[in-house]
Amino acid sequence: MAGRLSTADYRRLATVLRVLGEAGLKPTLARLGLIRSQNVQSFDDAEAEALVRALERLGPTFVKLGQIMATRADLLPPELTERLSRLHDAVAPVPFEEVRSQLVDDLGADPSEVFAEFSATPIAAASIGQVYEARLRTGESVVVKVRRPGIEEVMRADLRLLTAAARVIERRAPGFRRHQPVRVVGQLAQALLEEIDFRIEARNQEDVRCRTSVFVVPRVHPQFSTSRTLVSDRIVGRSPNQAFRLSEPALARALAPEAAQGLLTLMLQESVFHADPHPGNVLVTPEGRLALLDFGSVGRLSAKRREQVLVVLGSLVDADVGAVTDVLMDWARRSGPPPPGLEPAVDQFFSRYGAQSGRDIRLAEAITEFISIARENELALPPDLLLLMRALGISEGLARTLDPDLDVVEAITPVMLKVFAQRFSFKALAARGFRAFKELDQLANIGPEALRRVVARLKREGLAVQVSVANLNGLSDALRRAGDTLANAVVAAALILSGALFSLSSGGDPTRSVISLVALGLGVIIWLLFVLRRRN
């Protein structure tokens, strides 16, 4: 989105500035460095409300921008993110005649010819697409989601403006520079362009459908689906809202823990999850099952991110302040010592929400405080993690809508125990051992060449060292401990990997099986001793 601005872009920029000015948002523009002003006021509630109204007036790109800003509680004040979370993109539908030609291009014929039945009256309309009812010639009831004509061009033009604005903000507003606005807009552009490509939504939908047995997920009909049209099974049901709970109290109570457990299983076991599971995207089918709809926003966790999330969750049991502090610094891509207030804040967090706190824990409240710790210590969190935290909070809200008395933490504990047990399975330990050996192999390959270059540079330029050590007597002990740590890690990884390889190649030989178990056992024992010694 780094292209030069066209004449049309400048006209759109004038419109954007006019709307923001009419909403009384000149202080916001001045604070961001987009206009020059001698009197920059502090942010207040009225300005937050005005910003929400202005974003809705500016259309789908800015509405989506506001919805993404609502997830950035690590960067923005809570009074702003709370209002931005109310942004909605429900708009008047486009007349069917404007959609028909696009459908003919995508389907290869008029909808009346492709489908046995097709209703030209949309059953839902949003800023990106609108939805129609239809019936296939094979008899299945389906919904046809159609992208609004011209929406891609509008979004690309707005994203060019946002990219240009982000560059100005980085240059003129030092307070925002650390949040990397250009990178944030780049992530927004990627998310929006993926959301308007219905082929990606179709893949997300099928991926989740194959990975869950708890939820009903509508089947996609790929023969009718393109980047602008998505055809999938129609799910009939009721929204799991307060009215449903009052009319079906027994079923609502039964579904509440199922909703929490099913969504957490997708997050922590399958590493793919519905990022917006609010009651509008969930139905209760006539058979009494929960169904998920609308997969335009789906989150994914890498193996590393999943391990980090498990470290944080596991630390709620033993209050490992150091481990969580290290993870937060890694998430924020910060090196060096942590901010002075970080470890005390994490310690206080454990006293309030740890296993020993003795209080009822609400996930949304704990997540909000955890994000506040990052914001107060100027640590920007990665978007995929914020998406996960937001989805966890929404999941808890869904479960409590079905059963206000549900202890969500108690309900999801079996899922968490199962996930932690899987981390110590033979397969998981062997995989981690293999990764450790691979990293050591890479280090062995690049180490000699890197050392040769350092020595050559020293020969050319010499070496000047200025050392200031507060506790020189402890240096030798620190070096010895570092050496012991590396040795223990290498030996444990070697034994675990050896056990895995012997087991895979044993072919039923009892002797080789015994050797593999002994090697694996020794590796795990050494690793546990190393962890306990490190804690002490």
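A residue is called buried when its relative accessible area is under 20%. The model here is a predicted one.

Q: Why is Arg 83 counted as buried?
A: Its relative accessibility is 14%. The cut-off is under 20%. Arg 83 therefore counts as buried.

Q: Where is Arg 83 found, and which residues does Arg 83 touch, not counting residues up to four places away in sequence?
A: Arg 83 sits in helix H5, residues 78–84. With those sequence neighbours left out, Arg 83 touches Asp 45, Ala 48, Glu 49 and Val 52.

Q: What makes the link between the side chains of Arg 83 and Glu 49 a polar contact?
A: The distance given is 3.0 Å.

Now to the rings.

Q: How many aromatic pairs does a search of the whole structure find?
A: The search finds nine aromatic pairs.

Q: Why is the pair of Phe 96 and Tyr 132 called edge-to-face?
A: The ring centres are 5.6 Å apart, and the planes stand at 70°. Centres must lie within 6.5 Å to pair, and planes over 60 degrees apart count as edge-to-face. So this pair is edge-to-face.

Q: What parts does the pair of Phe 96 and Tyr 132 tie together?
A: Phe 96 lies in helix H6 (residues 96–107), and Tyr 132 lies in strand S3 (residues 129–135). The pair therefore ties together parts that are 36 residues apart in sequence.

Q: Are Phe 96 and Tyr 132 buried or exposed?
A: Phe 96 has a relative accessible area of 12%, so Phe 96 is buried. Tyr 132 has 0%, so Tyr 132 is buried too.

Q: What makes the pair of Phe 115 and Phe 118 stacked?
A: The angle between the planes is 20°, and the distance is 5.8 Å centre to centre. Planes under 30 degrees apart count as stacked. Phe 115 and Phe 118 are therefore a stacked pair.

Q: How do you know that Phe 115 is buried?
A: Its relative accessibility is 1%, so Phe 115 counts as buried.

Q: Which residues form one aromatic cluster?
A: Phe 96, Phe 115, Phe 118, Tyr 132 and Phe 224 form it.

Q: Where in H13 does a kink lie?
A: The kink, about 25°, lies at Leu 255, shortly before the proline Pro 257. Leu 255 is also one of the buried residues of H13.

Note on methods:
Residues are numbered from 1 along each chain as its sequence is written. This is a predicted model: local features need pLDDT of at least 70, side-chain atom pairs count only at pLDDT 80 or more; totals for chains, interfaces and linings use all residues. Side-chain values use heavy atoms; hydrogens and water are left out. The bend at a residue is the angle between axes fitted to the seven residues ending there and the seven starting there. Helices (H or I, at least four residues) and strands (E, at least two) are DSSP runs, numbered from the N terminus. Buried means under 20% relative accessible area, exposed over 50%, partly exposed in between (1.4 Å probe, protein chains only). Rings of Phe, Tyr and Trp (its six-membered ring) pair if their centres lie within 6.5 Å; planes under 30 degrees apart count as stacked, over 60 as edge-to-face and the rest as tilted. A polar contact is a pair of N or O atoms within 3.5 Å; within protein, one must be able to donate a hydrogen and the other to accept it, and residues adjacent in sequence count only if both atoms are side-chain atoms. Contact means heavy atoms within 4.5 Å.
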